[in-house]
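Subject: Structure handover

Hello,

Here is the structure we discussed. Please look it over before reading the notes under it.

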Amino acid sequence: MLNWKSSRRELITRSLGGTLGLAFGFSLPWALRDDAEAAGSESAVLNTFVRIFADNRVEIVVVKAEMGQGVITSLAMLVAEEMDADWSTVNVKLEGEMGAYVDPKAPFAGTFGSTSVKTNYERLRKVGAAVRLVLLQAAATQTGRLLNELKTSSGWVVDAQGQKLVNYGQLIETAAKLPLPSDVPLKSADQFKILGKRQHRKDTALKTEGQATYGLDVRLPGMKYAAVRQHRVFGAKLLNFADLQAQMPQGYQLIEVPGAIIAIGASYWQAQKSLDRMAPKYETTPAMDANSQAAIEQKLSAAVQDVGGSSVFKKGDGAGALNLAETVVEAEYYTPFLAHGAMEPLNCTAWVTSDRCEFWVPTQSAQLITFAVAKVLGRAPMQVTVNATYLGGGFGRKVETDYVVHAALASQAVQGPVQLIWSRSEDTQHDFYRPAFQAKFKGGLSEGRVKVWTGKNAGPSISKRQNPNNTKVDFTSIDGFADIPYGIDHQEMFHQEVDCGVPVGYWRSVGKSQNTFFVESFVDELADSLKMDPLQLRKDLLSEQPRAQRLLDKLAEVCDWANKPTLGLAFMEGFGTLAAMAAQVSLVNNKVKVERLWTVVDCGPVVNPEGAEAQVQGAALYGMAAAMLGKVTISGGKVDQTIFADRPFIKLGEAPVHEVHFMPSTEAIGGLGEVATPLAAPAITNALYRLTKKRIRRLPINDFSWT
């Protein structure tokens, strides 16, 4: 729990339910520890720690959100490897990343951007290495041997011949009296016993046996339940709250919060039914009512036809070189708004009274929640306690704080614990959506080569929602669009922000989710115009990047590219990782079926091959579902879709066979959780083109008619 308090000793002995334990807090840079000590004896200036029990069990705390991506295992592996722990005795504990747990080098704390392992790869290994040295020093003291005569082996200190002398649990009292070591050398890769080896997830048993605590599992004494009904049209004003309030059944309470009403009582079902029976009346504007899918697409299309906009990349003379090209290829693409669709509905349990302010919540950022509820409740952030639970999916939606603010206000209204749940319809109709985008490209071809690449994309800004006064181009709008990896002599890229009157936010892989579809589709169109193999064209355009060349060669090998002329592929560079995907598709009764996927990844060292493979497969399925089926449309200023029946996902029987291969690599470690998501759409549509000679330039694929 985040309100766990530690005295600020470097090594702490504790009595834990009668079991003596030793806790290590090491996550601050060494130079800052003295400052941390000076912060006060009640400050828990830790963001991860190791606890060793007298019976030799080890507990490693992970402060990143566990939402299915396996971070609870991979981060613990980093610590366990360097401390030379017995992996079978390691347990992992989740904590929220907030307050003193935040890495001072990355003060915006949260689990997003494929950064959890990348940013902790060395930091957590240093934690483990320091623990190991403390234990060796304790063993030298306890056994009377010289430090250089001792080694460690899977939870034991051994002598030079490997004979077991004393286990870690037997050293905790001695170790507690030793100073904290610093600047401890790390293992080389050839010394790894845990890292790089396939490890089963530490939370598998918890989840399969129903023991893992998700947000909806929280139960508190005297807890009430709350259901939410938000104003259907974005920005509308409720007119008849007093009338609605009078309709509440006995024992239930209705409150009004910005943009919504909340029913609170003993049963979620009854609270929801009370809302269903109501007929709220809203004040809207003509502009709100007129907002529709057709109007949005017209805005986006007009924006990409315009010359100009913000210049976001320029190399050579794009316009001039285009005029001299032997052939000019043009294409325009569209991607729709997308909802996140996490399986676990948005929920939060809050307990707010005059002297208490505590939350139990599935969140990607406990820190952001702290700031948000402190502001709305008029409390200091230090007065807020956030208990992080497991997440049933996040994908960027649970980095937002709106549902937690709802819970805070509901609990404040009743001065007691309240579990607030958004229905599936509320989740779908009041998401922060992946922005709808449109892009237009022109490519200049001469002498059998791509000489010119120009383009413009247009769509809503995510950062502008958070900072309306920001006049800079939103990086997420042009990520993967302005910085294409290909070596083309003349490039000129533009962007235009378009306000579509729909709230937008971070969706898995963010800007790359749409821009990779645009770019990789157009590369294929250029290859077709050149009558070139699309893989060979990419290799030509990446001729100065040997790492990318090796990756594409590996993809060609594993999917037997040369002998399968209807495969499609896509390549991307992002999150510090290179990845390429090939897809094999078929048409069955005029419906697209994705038969197989092959993905090759170069992300540097792979911490847990088993978890990494699952991450790539899961990310690809998420991207595939969006490519095939995903869309959010607007009519009369509100979202058309509601429950899973009208916003379907890929079913188990529709999932393709998916091979994942990791390149042996000594490159710096990169992110992994999002790289496969943006590859799915262009790999599949490029495969469909090679199979049918029909080009899909707008998503979702299943909106395309094959008859």
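This is a predicted model: local features need pLDDT of at least 70, side-chain atom pairs count only at pLDDT 80 or more; totals for chains, interfaces and linings use all residues.

Residues are numbered from 1 along each chain as its sequence is written, and side-chain values use heavy atoms, with hydrogens and water left out.

Cores. A nonpolar core is a set of buried Ala, Val, Leu, Ile, Met, Phe, Trp, Tyr and Cys residues joined through side-chain atoms within 4.5 Å; buried means under 20% relative accessible area with a 1.4 Å probe, protein chains only. The largest has 80 residues, and Phe-441, Trp-453, Tyr-486, Phe-571, Ile-684 and Ile-701 have the most contacts inside it. Helix α16 (residues 511–530) gives the most to this core, 8 residues. (Helices are DSSP runs of H or I, at least four residues; strands are runs of E, at least two; both are numbered from the N terminus.) A second, separate core of 44 residues includes Val-71, Leu-75, Leu-94 and Leu-135.

Helix pair. In α19, Ala-619, Ala-620, Tyr-622, Gly-623, Met-624, Ala-627 and Met-628 meet Thr-677, Ala-680, Ala-681 and Ile-684 of α20 (contact: heavy atoms within 4.5 Å).

Histidine. His-430 lies in the loop between α13 (424–429) and β20 (437–446). His-430 is buried, at a relative accessible area of 8%. Beyond four places in sequence, His-430 contacts Gln-230, His-231, Arg-232, Phe-234, Arg-397, Asp-402 and Trp-422.

Regards

Definitions and conventions: Buried means under 20% relative accessible area, exposed over 50%, partly exposed in between (1.4 Å probe, protein chains only).
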